[in-house]
Amino acid sequence: HDACLVTVRRFENTHGPRLGFEFGLMGGERLLASAAPSTNSRSKLAELLRGLLGRDPDKEELDNPESLAGVQCKVLVRTETNKSGRAYSNVVTVFR
């Protein structure tokens with residue numbers, strides 16, 4: 001799906017500190033992907049940013065991913081089911 005990174009928000013949940021990436025699809029739907037705020041090049045955050053940028057993120061981008069709001073991208077979405085049986089859309093991959 002064609003998409004745009006609308007916003008990046010910091011929050012905490014049972015897994016600890018997280019970064020929430022909100023993607024807007026061209027049809028108006030909003031999807032969220034999250035990652036731990038890690039500077040490790042093998043982290044989910046680095047993987048998300050690599051897909052968004054089309055290259056390895058630099059230190060500034062890893063430390064301040066909020067600055068990337070507005071970047072156009074594509075997202076691969078898969079419909080999954082949670083433990084209570086409710087279907088939801090999961091952002092599997094982000095790419096240029």
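## Basis

The model is predicted: local features need pLDDT of at least 70, side-chain atom pairs count only at pLDDT 80 or more, and totals for chains, interfaces and linings use all residues. Residues are numbered from 1 along each chain as its sequence is written, and side-chain values use heavy atoms, with hydrogens and water left out.

## Fold and dimensions

The protein has 2 helices and 5 strands. Both kinds of element are DSSP runs, numbered from the N terminus: helices are H or I with at least four residues, strands are E with at least two. Along the sequence the order is β-β-β-α-α-β-β. The radius of gyration is 13 Å, close to the 12 Å that the globule rule gives for 96 residues, so the protein is as compact as a globular protein of that length. That radius is taken over C-alpha atoms, and the rule is 2.2 Å times the number of residues to the power 0.38.

The C-alpha trace spans about 40 × 30 × 20 Å along its principal axes. Contact means heavy atoms within 4.5 Å. Of the contacts with a separation of 6 or more, 35% join residues 24 or more positions apart.

## Burial and surface

Of the 96 residues, 36% are buried. Buried means under 20% relative accessible area, exposed over 50%, and partly exposed in between (1.4 Å probe, protein chains only).

The accessible surface comes to about 5900 Å². Carbon and sulfur atoms hold 48% of that surface. Areas come from the Shrake-Rupley method with a 1.4 Å probe; for residues, only the protein chains shown count as cover.

## Charges and salt bridges

There are 14 positive and 12 negative side chains. Lys and Arg count as positive, Asp and Glu as negative; His and the chain ends are not counted. The centres of the two sets lie 5 Å apart. Each charge is placed at NZ of Lys, CZ of Arg, CG of Asp or CD of Glu. The whole structure contains 8 salt bridges, each a side-chain nitrogen of Lys or Arg within 4 Å of a carboxyl oxygen of Asp or Glu.

One of these pairs Arg9 with Glu22, with the closest N and O atoms 2.8 Å apart. This pair links distant parts of the chain: Arg9 sits in strand β1 (residues 2-13) and Glu22 in strand β2 (residues 16-25), 13 residues apart. Arg9 is partly exposed at 46% relative accessibility, whereas Glu22 is buried at 15%. Arg50 bridges to Asp56 at 2.7 Å, N to O. Here Arg50 is partly exposed at 29% and Asp56 is exposed at 53%. Glu61 and Arg55 also meet at 2.7 Å, N to O. Glu61 is buried, with a relative accessible area of 10%, while Arg55 is partly exposed at 41%. Shared partners join Arg9, Glu22 and Arg30 into one salt-bridge network.

## Helix α1

Helix α1 (residues 44-53) has 7 of its 10 residues buried, so the helix is largely enclosed by the rest of the structure. The buried residues are Leu45, Ala46, Leu48, Leu49, Gly51, Leu52 and Leu53.

Their cover includes β1, β2, β3 (30-35), α2 (59-63), β4 (72-81) and β5 (87-95). Just after α1, Gly54 takes a positive phi of about 80 degrees.
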